[in-house]
Structure formats: structure tokens, C-alpha cells
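Hello,

Here is the structure you are taking over. My notes on the ligands and the domains follow it.

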Amino acid sequence: MNALITGVTGQDGIHLSGFLLNKGYRVFGMVNGQRQFNDHRIKNLDRRVELVFGDLTDSVSLMNALIESNPTEVYNLAAQSFVGISFTQPELTANVTGMGVLRLLEAIRRLGLESQIKLYQASSSEMFGRVRETPQTELTPFHPRSPYGVAKAFAHHLCVNYREAYSMHISCGILFNHEGPNRGHEFVTRKISSGVAKIALGQSTHLTLGNLDASRDWGYAGDYVEAMWLMQQTDLPDDFVIATGEVHSVREFVEQSLIAANLEPDLDRYVKQDPKFIRPAEVDLLQGDYSKAKEKLGWAPRVTFPQLVNMMVENDLILEAREN
Ligand code: NAP
Ligand code: GDD
């Protein structure tokens, strides 16, 4: 079976490509053509991943990627996925994260592949934004708080519409924050785990962060890609919240990281705050209810919050020691 993953060089792409290869899939990863020459993230991928070239802003390249990979399952993970940048590059974010999904859906239709392909769309808990209820379920109304959240809500509604209008097998995973050693350094968890590792190794004295009170439902990316695959195996496509149901603040993530590095959990000593990391509009708290995924997919998270933090800090202690 052939699977095409867009955004294969990202955190989830790395986990999902490994997961699908282990299941015996032939895995095609879509990457920007120029990256093949110098991107370290491509070098991180399993060598069995076959590269096809394409970009969510280029319809022709999407059609070529679909023709070349001839997939039965497509996982659309590509996005401008950093909320912070979406405030300074809103047009780019709308074009990639929102309109890119329209281009992909239309590419599938133009090639007459609607009944051959099952599509997974990476929807996001960021769509809930200023939450209308807690915990959030598949039925909680959206109130996005960033251009990224708005673009994801557009893409989500579009996928539901194409599912209803053209009977396409499209499932949207409304994934809450998920992290791990492959997380990008722009996101707060990786910024904390690598920053704490530098402090523990004597390479730095403190971390500089924004809002310490923001709270998230943080899970492990390795657990979450399994849910993506399970959604593609159902007879009927649907939308699923994927979360842990547990909430922790940024402050707690720092404390747990300091403990993992055998340092005192003393934020006054190790953390400075800088308003430049505060967002124009914030998502204060996210907490997901994954009951539907548990009931219909048999999915549940495995890695706990302390295990996740330990995994990330231990990984960064090794990386930072090697690099410096
Ligand atoms: P990520 O690490 O930021 O990876 C994003 C991927 O998208 C990268 O491979 C990037 O390629 C690619 N990309 C960016 N612009 C593109 C374009 N114009 N055309 C094609 N590819 C492009 O994100 P992630 O954490 O793996 O998340 C995967 C997906 O899940 C994203 O859609 C994200 O919005 C969504 N999501 C993530 C979370 C989370 O907590 N991680 C939660 C909910 C939803 P380059 O390497 O070339 O830049
Ligand atoms: N990045 C970052 N850097 N965030 C900080 C910082 C900092 O220095 N200080 C505090 N924060 C706060 C942010 O304001 C936010 O409330 C929280 O930490 C988490 O920020 P991120 O790690 O950047 O993640 P996010 O929740 O905005 O978005 C992630 O999760 C979404 C799902 O809810 C991304 O992976 C999105 O792509 C994903 O859709």
C-alpha cells in the first residue's frame, strides 16, 4: 500500500513515516524540491521514505506528487504551524495552512482520485481558541485566536464540506499539543527542554519565555500518529479529538524539566520573561476529551506528562553536550 505524507520533514512526519514503514507501507514524503540539496531534516528521515517534490502553494506540484506516489492514503501534515509567526505572516499562513488544503482537495478531484484516496487532515485544538466549554469535544464550537487557528478552521470546514459534497473519505484529527524529541525549537516545550539542558550543562544561566500561565493538554507525538493511522482504517470518515485530558501550565513544564535535569525547580532563578514572546491574542487553556477516539478507534495515550518531559530533557542533554 502506498501512503503520501505532506510535511514529512516536520515532527509528526518523522514519527508517522517510521510508523507506516513498520506497518509495511511504501511511504512517499512530499518535500520542497530545493530542500533535497541541503536540509538536515531530510537526512533525519528513514532512508526508505521516497521523496516526491511539491508545495501546498503550487497546485501543479500537488498533482504531480499524487500521480508519482499513487497513494491510497494521504496524510496532510504540511502547514505553517507556528502560531507566533502566524501573527507576523498572516497571509503566508492563510495561503499554506488554509488555501493549501483547498488546493490538495481539488488536486485529488481533478485527478479523479476521490474514491481511491483516504485523506487525513491535521486539524488543531487551536481552533477552539477562546474555549466555549471545558473539556473540548468534537462538538465544541470554534473561536480561533490567531491567523493560524483561523486558517485551520477554514481547512477543517472545507474537509467536512468535501466529505459531504463529494463522498470523499476525509477524516480530521483535532489534535491537541503533542511533543517529543523531534519537536521544532520554536515551540515552547522544546525551547524549555533545550534551554534547561544548556543550564544543566553550564552553557547558559536562564531561559527567556513569555506567558507562563498558558495551559495546554500536552501529549507525545509518537502516540498521536497512531491515531492518525487508525482514522484512515475506519469504514466511515469522521472527526476525532486526540488528547490526554490532562492540563499543565508552561510554568509546570519548566518545573518538571528542571527536576528532570536534577536542578532546583526555582523559576525565579532560572526564568526571565520578555514581552516579545507574548502574543496579541492568547489561548489560555486547552483540555481535550478523547472519549470518542477511545470508543470508536480504541485509541488512548500511553506516555504520561513526566515521561514526556523526561524524554525531551534527556534527549537535549545528549544533543547539547555533543554540540558544544
Ligand atoms: P511542523 O514540525 O511545523 O512541520 C510542518 C511541515 O510542513 C514541515 O515538514 C514543513 O516543511 C511543511 N511545510 C511548511 N510549509 C509548506 C508548504 N508551503 N508546502 C509543503 N509543506 C510545507 O509541524 P508538526 O508539529 O509536525 O505538525 C504537523 C501538522 O499537525 C501541522 O499541520 C500542524 O499544524 C498540525 N498540528 C500540530 C500539532 C502539534 O502539537 N504538533 C497539534 C495540532 C495540529 P519544511 O521542513 O520544508 O519547512
Ligand atoms: N513558542 C513559545 N515561546 N510559546 C511560549 C513562550 C515562548 O517563549 N512563552 C510562553 N509561551 C506560551 C504560548 O504563548 C502558548 O500559550 C503556549 O506557550 C504554547 O505555545 P507553542 O508551544 O508555540 O504552541 P501552541 O499551543 O501555540 O501551538 C501548538 O499547538 C497547536 C495545537 O493546540 C502548535 O503545534 C500548533 O501547530 C498546534 O496546532
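**Ligand 2**

A backbone N or O atom of valine 188 sits 2.9 Å from an oxygen atom of ligand 2. That makes a polar contact, meaning a pair of N or O atoms within 3.5 Å; within protein, one must be able to donate a hydrogen and the other to accept it, and residues adjacent in sequence count only if both atoms are side-chain atoms. Asparagine 177 places a side-chain N or O atom 2.7 Å from an oxygen atom of the ligand. For arginine 216, a polar side-chain atom is 2.8 Å from a ligand oxygen. The protein buries 96% of the 710 Å² that ligand 2 exposes when taken alone. Accessible areas come from the Shrake-Rupley method with a 1.4 Å probe; for residues, only the protein chains shown count as cover.

The model is predicted: local features need pLDDT of at least 70, side-chain atom pairs need 80 or more, and totals for chains, interfaces and linings use all residues. Residues are numbered from 1 along each chain as its sequence is written, chains are lettered from A and ligands numbered from 1 in the order in which they are written, and side-chain values use heavy atoms, with hydrogens and water left out.

The shell of ligand 2 has 23 residues, counted when a heavy atom lies within 4 Å. Ser81, Ser124, Ser125, Tyr148 and Arg279 are the closest.

**Ligand 1**

Ligand 1 has 25 residues around it. Thr9, Arg35, Arg41, Ser81 and Tyr148 come closest. The side chain of serine 81 has an N or O atom 2.6 Å from an oxygen atom of ligand 1. Backbone atoms take part too. An N or O atom of glycine 10 is 3.0 Å from a ligand oxygen, and one of alanine 79 is 3.2 Å from a ligand oxygen. On its own, ligand 1 has 900 Å² of accessible area, and the protein covers 88% of it.

**Domains**

Domain 1 is 2-178 + 218-242, and domain 2 is 184-217 + 246-284 + 303-323. The bounds come from an automatic or database domain assignment. Their centres, over C-alpha atoms, are 27 Å apart. At the interface, 15 residues of domain 1 are in contact with 20 of domain 2 (heavy atoms within 4.5 Å).

What holds across that interface in polar terms? Two residue pairs are in polar contact, both at pLDDT 80 or more.

Regards
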